[in-house]
Amino acid sequence: MSEPGGGKRKALSLLEAARSRYESLQISDDVFGESGEDSSGNPFYSTSPDSRSSASAGGSSGGEREEEEAAAAEPPVAGEQEAAAAVEEGERDCSCPGQEEGWVQALREVPAPSFPDTSGPTRKMPPTASTMDFFQLFVPDNVIKNMMTQTNMYAKKYQEKFGIDDAWTDVTLAEMKSFLGYVISTSTHHCESVLSIWSSGFYSNKSIALIMTQLRFEKILKYFHIVAFRSSQTTHSLYKIQPFLDSLQNGFDASFRPSQTQVLHEPLIDEDPVFIATCTERELRKRKKRKFSLWVRQCSSTGFICQIYVHLKEGSGMDGLDALKNKPQLHSMVAKSLCQNLAGKNYIIFTGPSITSLNLFEEFEKQEIYCCGLLSSRKSDCTGLPLSMLNNPDVPQSRGQYEIKMKENMSLICWYNKGHFRFLTNAYSPVQQGVIIKRKSGEIPCPLAVEAFAAHLSYICKYDDKYSKYFISHKPNKTWQQVFWFSISIAINNAYILYKMSDAYQVKRYSRAQFGERLVRELLGLEDVSPTH
């Protein structure tokens with residue numbers, strides 16, 4: 001006979017264990033930037049039974065994101081139940097190759113990868129540092145000067161070919177900064193066109209319109225270039241933007257050391273839904289024809305984006321974006337590119353279904369890169385996985401029930417939470433228990449890998465919900481310019497994260513919107529900026 005109160009004590013011990021594990025995840029409590037006091041706990045993953053898990057509130061950028069969020073979310077919402085049903089239906093008809101050889105039900109302890117390195121900003125910014133100082137960690141003056149030089153070179157060559165433009169004079173460094181400032185202003189004041197700044201309508205912005213005339217801005221916009229001419233050795237399709245992307249990557253690497261846990265995913269890079277609703281049908285169709293896919297490697301402790309990978313759609317052949325969406329091996333190529341500099345450091349990488357595969361994880365493990373990924377029979381490469389674990393059991397299961405099989409250090413988990421969810425990992429021991437805590441359902445038992453996946457992925461989903469609102473809404477027609485402005489948006493978001501982690505934030509506690517507005521004014525020369533480096 002069980003002891004009175006034994007169940008309650010067990011529940012409390014589970015809760016305390018969950019809180020202890022949560023603290024060990026080292027997720028920053030507030031990097032998203034509303035001014036005021038920081039929250040006392042992670043706002044996106046709660047270990048309190050009085051709070052709803054953040055994953056159920058995270059945004060979705062497609063089927064893969066829905067599967068990632070559903071793995072951690074409580075599913076009373078109809079949409080979530082449909083998503084879970086879709087996962088089950090797809091997996092019930094699984095035709096992926098499966099192999100039982102080497103997979104056993106006997107579980108053993110797998111040691112957690114050690115991580116002695118420190119993470120965070122690499123340099124201490126002074127309390128007097130301006131928003132421009134943080135932005136120029138990634139886009140310094142020499143990069144802006146190169147934009148100025150290349151723009152002038154392109155304007156000269158263009159006019160030699162098509163005739164003199166009497167209204168054009170060479171752009172100066174101050175004008176190039178103002179040009180950047182005007183376009184960046186559309187990240188906080190969303191408008192259909194950046195030219196609305198000079199209009200008399202609703203989207204006008206008289207406070208900054210007087211720094212440069214609309215005619216002058218249009219001339220700079222016409223000739224704006226990062227690389228004016230293709231060299232004879234250039235074969236890369238991104239040659240017009242690649243030097244800037246390389247410089248930006250060097251800035252990311254030099255300014256920040258990521259935590260052990262990172263996520264590979266596609267960020268939300270489309271306009272705010274309210275802004276989209278104002279577009280005409282023709283404009284909306286035009287915007288949907290994006291000819292590239294942008295992937296990132298992101299620190300799941302702070303939201304800092306450590307690396308950007310751009311895949312171009314070059315025609316309609318098998319090397320295009322359509323192939324990327326349907327071929328897991330191409331997603332594997334993306335993952336390898338994003339993790340090429342991580343070998344030997346015991347990083348833990350979280351992945352979505354399109355990247356998760358046994359072959360990729362085993363290859364990464366040889367490089368001392370460990371993984372935890374959500375698995376889908378429809379989107380994942382299931383080669384080498386046991387078929388018995390990919391098909392749903394006929395016997396009804398209770399919530400929180402799971403089955404695990406191991407092959408060497410790799411664990412394949414099938415966990416039930418109003419739908420079957422499968423995870424592949426070599427980063428977490430299969431014998432370590434975790435728990436997902438819900439306001440309505442209480443504690444849902446799960447392996448530690450599932451708890452960690454829910455924590456980190458829900459945090460990144462919330463990052464997307466917050467920061468995608470501050471992406472530059474100016475959308476040019478040329479692909480390289482689209483990539484450029486998306487990259488600038490990411491650089492500003494990263495600058496804000498470093499600002500929030502610095503002493504400067506204790507002096508002036510700007511929200512993300514205030515930070516963007518201040519940066520625009522400093523680029524336009526409306527605020528006095530004293531150099532700090």
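Asparagine 346 sits in the loop between α13 and β6, where helices (H or I, at least four residues) and strands (E, at least two) are DSSP runs numbered from the N terminus. With 14% relative accessibility, asparagine 346 counts as buried, a label that means under 20% relative accessible area, against over 50% for exposed and partly exposed in between (1.4 Å probe, protein chains only). Setting aside its neighbours within four places in sequence, asparagine 346 is in contact with Pro113, Ser114, Phe115, Gln260, Glu368 and Tyr370; contact here means heavy atoms within 4.5 Å.

The model is a predicted one, in which local features need pLDDT of at least 70 and side-chain atom pairs count only at pLDDT 80 or more, while totals for chains, interfaces and linings use all residues. Residues are numbered from 1 along each chain as its sequence is written, and side-chain values use heavy atoms, with hydrogens and water left out.

Next comes the sheet. Eight strands make up an open, mixed sheet in the order β5-β4-β3-β6-β7-β10-β9-β8, two strands being paired if DSSP finds at least two bridges between them. At the edges are β5 (305–312) and β8 (402–407), each pairing on one side only. Neighbouring strands are turned by 15° against each other on average, direction ignored; axes are lines fitted to C-alpha atoms, for helices over the stretch in contact, and angles run from 0 to 180 degrees between N-to-C directions.

Strand β4 (residues 292–299) is mostly covered, with eight of its eight residues buried. In a regular strand, side chains alternate between the two faces of the sheet. In β4, Phe292, Leu294, Val296 and Gln298 point one way, and Ser293, Trp295, Arg297 and Cys299 the other. On one side, β4 runs antiparallel to β3 (residues 261–265), joined by four bridges, and valine 263 has glutamine 298 as its bridge partner. Seven bridges join β4 to β5, again antiparallel, with leucine 294 opposite valine 310. The hairpin of β4 and β5 has five residues between the strands, and there glycine 303 takes a positive phi near 90°.

Elsewhere in the sheet, β9 (residues 410–416) and β10 (residues 420–425) pair in the antiparallel sense over six bridges, and tyrosine 416 is partnered with histidine 420. Helix α14 (residues 358–366) lies across β6 (347–351), β7 (369–375), β9 and β10, running at about 165° to β7.

Two or more lining residues each come from α9 (242–255), β2 (256–257), β5 and α13 (328–338).

A search of the whole structure turns up two cavities of 30 Å³ or more. The largest cavity has a volume of about 40 Å³, and its lining includes Pro267, Leu268, Ile305 and Phe471. The largest share of that lining, three residues, comes from α16.

Technical notes: On a 1 Å grid over the protein atoms alone, a cavity is a set of points where a 1.4 Å probe fits but cannot get out, and a pocket is an open set with protein on both sides within 12 Å along at least five of seven lines; lining residues have an atom within 4 Å of a point. Grid points are joined across faces, edges and corners, and a volume is the space filled by probe spheres set on the points.
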